[in-house]
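Me: I would like to learn how to read a protein model step by step. Could you take me through some of its features, giving the general idea and then the case here?

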Amino acid sequence: MLPRCAISVCHVFVLVLCLSSAEDFDWTKNDHGSFYYGTFPAGFSWGAGSSAYQTEGAWDKDGKGLSIWDVFSHKKGKIQQNDTGDSSCEGYYKIKDDVGLMKELKLNHYRFSISWPRLIPTGIKSDHINEKGIQYYNELIDHLLENKITPIVTLYHWDLPQFLQERYGGWQNISMVNHFNEFANLCFERFGNRIKYWMTFNNPWSVAVEGYETGEHAPGLRLRGTGAYKVAHHIIKAHAKVWHTYDTQWRAKQKGMVGISLSGDWGEPVDITNQKDIEAAERYVQFYLGWFATPIFHGDYPQVMKDFIGRKSVQQGLGTSRLPSFSPQEKSYIKGTCDFLGVGHFTTRYITQKNHPSARSSSSYFTDRDLAELVDPRWPDPGSEWLYSVPWGFRRLLNFVKSQYGNPMIYVTENGVSEKMLCTELCDDWRIQYFKDYTNEMLKAIKDGVNVKGYTAWSLLDKFEWDEGYSERFGLYYVDFRNKNKPRYPKASVQFYKRIISSNGFPNQREVENWRRKAVETCSTSNQLLAAEEQRSTAANILRLIHDPLTSHMEMVTEIVVPTVCTLSILLSAVFLMFLLRRRN
């Protein structure tokens, strides 16, 4: 028998090992390096993704109930140009067409979400199950499998049934945990014999912060300093309950896995030799990805969140922290509820220390972090105002996940870039560059030992982009939203991504450069087809406007010029028509 002192030393040694395994990320080492030519491991899975509200359309068809996004997008002023997802890509009616696009791309997997109100209109299972919704997802899943494409399913991609929001206050209410579990259990029951990869939530950070803190997203609540933390607390509990339901009732017979998709921008210290900047950068990542990942992998919130929010709560005269706490039983229940981790990543920020006042009136998730976000003006930013192309940040984030959470199995669930421009350009050279650079940084991370098993390009199609409406496009395929048939046209990035998939990586410099050249050549033909189609559509609009003298000039410019390919003939037609209308008036 070992002496008591020896046992204590062993315990301390084990504790140090456990702590160091979660703290060995080297913030001072940032090796950008050169492009790496090589291939991904055998069996690596390549895919593309979407979500229900963004692509399905059919918002009130076949028994579907209202979602919070149906209601939010119908409120004037909430969405860019008052767009809605009512019809979007009409994916509900285009299963075979879209699976055909995936097959052409040679995708290994397709990530999509199931609309809760399409299956359970009120969100309460005992009220009613919509069998037509079940039928739609059965058809989609079966058609994917027939074409040897693995379905990866997200249970919640932001479209909460409106009834639950109105009756209970949505995710602010603990009752959502049981209602969501019943919905998930229905999905396991009806689809689980064919689905091997489930994700409970997509990017719960956005649900909490943009839905209940800033109000930019549905349900549009601005509960500064409290709402996001309460919502996240319930989401984490809901995730854990669904994982346990699958584990105890379905895993043995269905042999699938349940994970969660967490999004995280990377935060890089402005000065990697400055300890305060390093601490601020770590806070940035912990308040983002770690907010959800740390409870799921370790049982509780990041210590830095508990410290900062707790201290500020005391300074504000509050009796308890604005960050809720888990009981010992809840910590044990939540810890380890992740068979694989979905990681969504788009961009990076430079981070530096910045103290924010602790006044109760100014409390918010953002001021709780005591930091400032900066960008390098040299970073490319072709699309969304928040999305800069910083490929090396992706490798850094993946290595951080490896060091913090015990190198879990990772599937990259979202990665892509948008365009935001008045003119449509199918020769999306910037997206080719983005995919090339980001997937290469992922390959470097795999060489570093990160356990990445698959990659999901975001997104398959242009689609409804939440509060930005249709003003931003992330798709590999362009969708003509003005045409009621919503035709799809391949962008150049389709051909380039297809080559990456076929080669399972980057064979050599000459071949990769050749892919790019051929992709741009191919897209020129698609551009001509789209231009011809849009000119026909423009001519029809011109005739309609000529016969409707009450239509304003601004409406004419918006409908004719903005969404089209910016060809000279279209612009001249619009200007000439404005001149004629002015003379008539």
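Me: Leaving aside its neighbours within four places in sequence, which residues is Tyr388 in contact with?

Reply: Before the answer, a word on the source: this is a predicted model, in which local features need pLDDT of at least 70 and side-chain atom pairs count only at pLDDT 80 or more, while totals for chains, interfaces and linings use all residues. Residues are numbered from 1 along each chain as its sequence is written, and side-chain values use heavy atoms, with hydrogens and water left out. Contact means heavy atoms within 4.5 Å. With neighbours within four places in sequence left aside, Tyr388 is in contact with Phe346, Thr347, Arg349, Val375, Trp379, Pro380, Asp381 and Tyr438. The C-alpha atoms of Tyr388 and Phe346 are separated by 7.9 Å, although the two residues are 42 apart along the chain.

Me: Where is Tyr388 found, and is Tyr388 buried or exposed?

Reply: Helices (H or I, at least four residues) and strands (E, at least two) are DSSP runs, numbered from the N terminus. Tyr388 is found in the loop between strand 10 (371-374) and helix 16 (391-404). Buried means under 20% relative accessible area, exposed over 50%, and partly exposed in between, with a 1.4 Å probe and protein chains only. Tyr388 has 15% relative accessibility and therefore counts as buried.

Me: Which residues have the most contacts inside the largest nonpolar core?

Reply: In soluble globular proteins, nonpolar side chains tend to be buried together. A nonpolar core is a set of buried Ala, Val, Leu, Ile, Met, Phe, Trp, Tyr and Cys residues joined through side-chain atoms within 4.5 Å. The largest one here has 152 residues, and Trp171, Trp198 and Trp291 are those with the most contacts inside it. Helix 12 (residues 275-298) gives the most to this core, with 13 residues.

Me: How many aromatic pairs does a search of the whole structure find?

Reply: Rings of Phe, Tyr and Trp (its six-membered ring) pair if their centres lie within 6.5 Å; planes under 30 degrees apart count as stacked, over 60 as edge-to-face and the rest as tilted. The search of the whole structure finds 67 such pairs. One of them joins Tyr156 and Trp171, an edge-to-face pair with 5.5 Å centre to centre and 80° between the planes. This pair links distant parts of the chain, with Tyr156 in strand 4 (residues 150-156) and Trp171, 15 residues apart from it, in the loop between helix 7 (162-168) and helix 8 (176-191).

Me: Why is the pair of Tyr156 and Phe180 edge-to-face?

Reply: The ring centres of Tyr156 and Phe180 are 6.3 Å apart and their planes stand at 90°, so this pair is edge-to-face. Tyr156 in strand 4 and Phe180 in helix 8 are 24 residues apart, and their pair links distant parts of the chain. Tyr156 counts as buried because its relative accessibility is 1%, and Phe180 is buried, with a relative accessible area of 0%.

Me: Which ring does the charged end of Arg118 sit over?

Reply: A charge sits over a ring if NZ of Lys or CZ of Arg is within 6 Å of the ring centre and within 35 degrees of the ring normal. The charged end of Arg118 sits over the ring of Tyr136, 6.0 Å from its centre. Lys436 lies over the face of Phe35, at 4.9 Å from the ring centre.
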